[in-house]
Amino acid sequence: MTSLTHTDDRTIADLDALVEETYLLWDEEWVGFSWRNYTHEHMRRVRGLSTTLADAEGADKRLVAYAATLHDVTKSYDGEILTGPDGKRVLDENGFWRNATLPPARRNSVTDIYDRLGLSGTVHHASGGQVARVLLEARGIDADLINGIETAILEHLIANPDSTLAGRCLYDADTIDANIGMPAFYRNIQISLRNQDVQYSKRGEHFPSWLEENLADFLQGYLRERIPTWIESKAQDFVPKLMTGAGKAVATARLDRLRSTVQMLIDELDDLDRARRQGAMAIVASFMARRKNPKLVAELDAVATELGSHALAGPAATLLGYLHLEVAGHA
Ligand SMILES: [Fe+2]
Ligand SMILES: [Fe+2]
């Protein structure tokens, strides 16, 4: 097992800052299922989880940490996947989907590399691998490691049993973060409420005002029906696709944590006013109210401050503990 040196830590911190700077070159508030601040936090969580999986699976942790940091470096360029007149996805010469390219509003060294390599129209796992290669060569990373990193980034979107172990760890961490567990639940809240915003504004109505007056009704349907259905569909669709034993174990543990969280929240519906002040529901209600391009890590601090001593014991503390554990990618 190759562990990270202080130089690696510094280089990864430098690349991490470059990746964040790159995402902020686009001004779109929402693209597909991601809001502007989502992808940087997602990348950090994926780095945490993929290195946890690498530890358990005996993969090269150093390679995985670099690959995770750069795996979505070109993600902001991805617009819609292009489909032909037959409704099928258009493929490039390597068999990868072609993508509508979303241009940045401003430029930096990453966009310069992207343009120089002529990557427009390439889906982000392929373009990301190539941009990563240039960034890592400039930082003196050795050729073998770069080859492994580029391969793992290429594999992060479509892995198979023959993919590299590092690529399978990255694929699992990436899939789990977006679909299974506390960060995915937070994302579900943001996407669900954003969809409501769009639908209400089409009718000339304001969803947040409606929600303020009808939170109890909304939570009944959301927590008793839509979220349990969502959890079980993810369990069915995504767990069998995971590529490592460690990934499947983490996903299973996360699903259990989610199910018990939802039960805890349902139990709180009986006394919603109290739960909103001091229960696990205070956290969910805060996530629902604070939706202007949020950062989950900052939201956790904000709600803990609001909860005061209730953040230290009881259901709120349990849910905050789950969130912190999974945001760090420890489990
Ligand atoms: Fe990705
Ligand atoms: Fe990703």
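This is a predicted model: local features need pLDDT of at least 70, side-chain atom pairs count only at pLDDT 80 or more; totals for chains, interfaces and linings use all residues.
Visitor: Which residues of α9 and α10 meet?
Guide: From α9 there are Leu223, Arg224, Ile227, Pro228, Ile231 and Ala235. Their partners in α10 are Leu255, Leu258, Arg259, Val262, Leu265 and Ile266.

Visitor: And by class, what has the contact of α9 with α10?
Guide: That contact has 10 nonpolar and two charged residues, with no polar ones.

Visitor: Other pair now. At what angle do α7 and α8 pack?
Guide: About 45 degrees, for α7 (residues 165-179) and α8 (residues 182-202), with the axes 5 Å apart. That makes α7 oblique to α8.

Visitor: Which residues make the contact?
Guide: Asp177, Ala178 and Asn179 of α7, with Pro183, Ala184 and Arg187 of α8. The residues of this contact divide into three nonpolar, one polar and two charged.

Visitor: Changing topic: how many residues of α3 are buried?
Guide: In helix α3 (residues 61-70), 10 of the 10 are buried, so α3 is largely enclosed by the rest of the structure. Among them are Lys61, Arg62, Tyr66 and Thr69, and also Leu63, Val64 and Leu70.

Visitor: What do those buried residues pack against?
Guide: The buried residues of α3 pack against α1 (6-23), α2 (38-57), α5 (124-138), α6 (143-155) and α7.

Terms used. Residues are numbered from 1 along each chain as its sequence is written. Chains are lettered from A and ligands numbered from 1 in the order in which they are written. Axes are lines fitted to C-alpha atoms, for helices over the stretch in contact, and angles run from 0 to 180 degrees between N-to-C directions. Helices (H or I, at least four residues) and strands (E, at least two) are DSSP runs, numbered from the N terminus. Angles under 35 degrees count as roughly parallel, over 145 as roughly antiparallel, 65 to 115 as roughly perpendicular and the rest as oblique. Two residues are in contact if their C-beta atoms, placed from the backbone, lie within 7 Å. Ala, Val, Leu, Ile, Met, Phe, Trp, Tyr, Cys and Pro count as nonpolar, Asp, Glu, Lys and Arg as charged, and the others, Gly among them, as polar. A residue is buried if 20 or more other C-beta atoms lie within 10 Å of its own, exposed if 12 or fewer, and partly exposed in between; C-beta atoms are placed from the backbone.
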